[in-house]
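Here are my notes on this model, as numbered points. Please read them with the coordinates open.

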Amino acid sequence: MASLNTAALDQLDSSVAKPSYDRAQVTPGIVHFGVGGFHRAHQAMYLDDLMNRGEALDWGIVGVGVMPGDRRMQAALSAQDHLYTLVIKHPEGEYQARVIGSIIDYRYAPDDIEGTLELLADPKIRIVSLTVTEGGYNFHHVTGEFDLGNADVEHDLASPKTPRTTFGIVAEALSRRRDRGVEPFTVMSCDNIQGNGEVAHKMFVAYARARDMELGDWIDANVHFPNSMVDRITPVTTDADIEEIGTRFGIEDRWPVVCEPFTQWVLEDHFNAGRPAYDQVGVQLVEDVMPYELMKLRLLNASHQALTYFGYLAGYRYAHEVCQDPLFVDFLLDYMNLEGTPTLRPVPGVDLDDYKRTLIARFANPEIKDTLARLCAESSDRIPKWLLPVIREQLAQGGEIHRSAAVVASWARYAEGADEQGEPITVVDRLKDELMAIAKRNRDQPTAFIENRQLFGDLADDERFRSAYLDALDRLYRDGARACVEHLVAN
């Protein structure tokens with residue numbers, strides 16, 4: 001078995017696709033914060049596609065980590081000359097492996113903050129991209145404003161030359177570029193947030209203005225933050241994945257990535273200092289990404305929330321198990337058709353009926369083995385962004401909300417921390433302690449969960465929503481998750 005690195009590329013099995021370009025000729029053009037599975041299965045792959053065409057060799061990616069957990073990624077990639085294996089798992093059992101070479105370096109910022117800042121200040125860096133998760137933008141879920149009370153943000157405002165956060169690092173780098181007369185880079189968010197570029201714009205400018213009003217105004221006026229929509233199911237890499245890749249392909253990879261065949265990237269063509277020719281490798285470059293983004297957030301992402309808590313409570317542990325159950329498929333399609341779709345705008349070039357059927361097929365791919373535990377994680381970041389906007393719009397226009405309200409109820413039931421057999425549930429959420437404490441009161445004070453105004457705002461005051469939520473929560477406790485879904489499908 002070959003340990004993955006540059007020297008081992010020629011030893012790999014012929015079935016494994018390898019970079020056809022000379023990586024020694026690749027120079028940095030992009031700095032990426034949040035190098036995880038999704039970035040490596042998506043943006044880095046598209047760039048690798050371009051490089052395999054002999055293009056974009058001046059757009060190499062340098063990863064930057066700021067969180068303690070990022071040390072592990074740095075160690076894994078550094079040991080492999082920043083190469084990694086991407087494996088596409090087809091539903092019929094075929095596996096396609098390729099080695100990606102577009103990431104050429106990885107910096108753990110706390111180890112060398114000055115070197116990281118100078119990297120970002122270098123004119124060669126023309127894009128700073130982000131996959132920092134929904135919670136990484138540091139805004140209040142109800143007010144939408146930047147949280148200046150965050151301890152690390154307070155540190156960065158007091159010590160702007162030695163920042164700890166992405167906001168502090170980016171702002172200091174842009175300050176240096178401004179002072180040196182260097183054109184600013186583009187900040188390109190690739191996170192699952194509605195209007196991700198607009199959110200990034202607002203948060204980075206808010207931080208910069210808190211640091212220096214003039215700097216904030218300059219960033220506001222001069223830095224582009226294009227919106228984007230990104231899509232590819234990329235489950236967490238498991239030890240079994242690592243072992244199977246070794247067995248099938250003879251590759252010893254410390255941290256490979258597995259994903260589904262489907263991939264999509266819709267990107268607004270608004271850049272400060274140029275961009276790779278993404279359109280040549282399947283990226284849709286558009287003037288307005290919003291229609292595509294709403295389609296994805298309210299059909300795919302919200303549907304994941306619709307299947308995950310109900311599915312887990314009903315005894316399933318993987319997404320494909322839920323979506324091979326006709327009852328749950330009917331429930332998901334009813335949500336998409338009757339509640340999600342009415343809130344969408346026209347989506348140029350997309351057949352929505354086909355898109356929804358494709359979603360079910362993607363969720364049902366048995367090879368992906370996407371765990372419900374992963375989809376249940378960080379619900380306090382996900383449901384307010386993906387599902388609550390559907391509820392609010394449907395309430396405003398008199399549309400159906402019973403299924404969406406029931407999904408919220410299933411989250412509340414899941415957050416209690418025990419399944420229907422009394423087995424413990426490991427709740428993963430930044431608000432875990434608070435949410436579990438509230439959920440413990442579900443039976444005695446049924447509206448307690450939705451009265452959390454930090455997450456739900458004034459939704460608990462709406463009689464239609466409250467009634468639908470209470471009905472679903474009652475059925476969950478009285479009859480169980482499957483019976484509750486059966487009732488929703490029948491009615």
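This is a predicted model: local features need pLDDT of at least 70, side-chain atom pairs count only at pLDDT 80 or more; totals for chains, interfaces and linings use all residues.

1. Start at Gly 315. This residue takes a positive phi of about 110° and comes just after helix H10.

2. Helix H10 itself covers residues 290–313, which makes 24 residues. From first C-alpha to last, H10 reaches 34 Å. That is close to the 34 Å expected at 1.5 Å a residue. H10 still has a kink of about 25°, centred on Ala 302. The helix is mostly covered, with 23 of its 24 residues buried.

3. Next, the aromatics. The structure holds 14 aromatic pairs. In one of them, Phe 146 and Phe 167 have ring centres 5.0 Å apart. Their planes meet at 80°, so this pair is edge-to-face. Phe 146 sits in the loop between strand E7 (127–130) and helix H5 (151–158), while Phe 167 belongs to helix H6 (residues 166–180). The two are 21 residues apart, and the pair links distant parts of the chain. Both Phe 146 and Phe 167 are buried.

4. Phe 167 also pairs with Phe 204. Here the geometry is tilted: 4.9 Å centre to centre, with 50° between the planes. Phe 167 lies in helix H6 and Phe 204 in helix H7 (residues 196–211), so this pair ties together parts that are 37 residues apart in sequence. Phe 204 is buried, as is Phe 167.

5. Which residues form one aromatic cluster with Phe 146, Phe 167 and Phe 204? Tyr 207 and Phe 225 do.

6. Two arginines deserve a look. The charged end of Arg 126 sits over the ring of Trp 59, 3.9 Å from the ring centre. Arg 248 lies over the face of Tyr 95, and the distance to that ring centre is 3.6 Å.

7. Last, the cysteines. How many disulfides does the count come to? The count is zero, with a cut-off of 2.5 Å between cysteine sulfur atoms. For Cys 190, the closest cysteine sulfur is in Cys 259, 16 Å away, and that is too far for a bond. Cys 259 is likewise in no disulfide, its nearest cysteine sulfur being that of Cys 190.

8. Are these cysteines buried or exposed? Cys 190 has 2% relative accessibility, so it counts as buried. Cys 259 is at 0% and also counts as buried. The cut-off behind both calls is under 20% relative accessible area.

Key: Residues are numbered from 1 along each chain as its sequence is written. Side-chain values use heavy atoms; hydrogens and water are left out. Rings of Phe, Tyr and Trp (its six-membered ring) pair if their centres lie within 6.5 Å; planes under 30 degrees apart count as stacked, over 60 as edge-to-face and the rest as tilted. Helices (H or I, at least four residues) and strands (E, at least two) are DSSP runs, numbered from the N terminus. Buried means under 20% relative accessible area, exposed over 50%, partly exposed in between (1.4 Å probe, protein chains only). A charge sits over a ring if NZ of Lys or CZ of Arg is within 6 Å of the ring centre and within 35 degrees of the ring normal. The expected span of a helix is 1.5 Å times one less than its number of residues. The bend at a residue is the angle between axes fitted to the seven residues ending there and the seven starting there.
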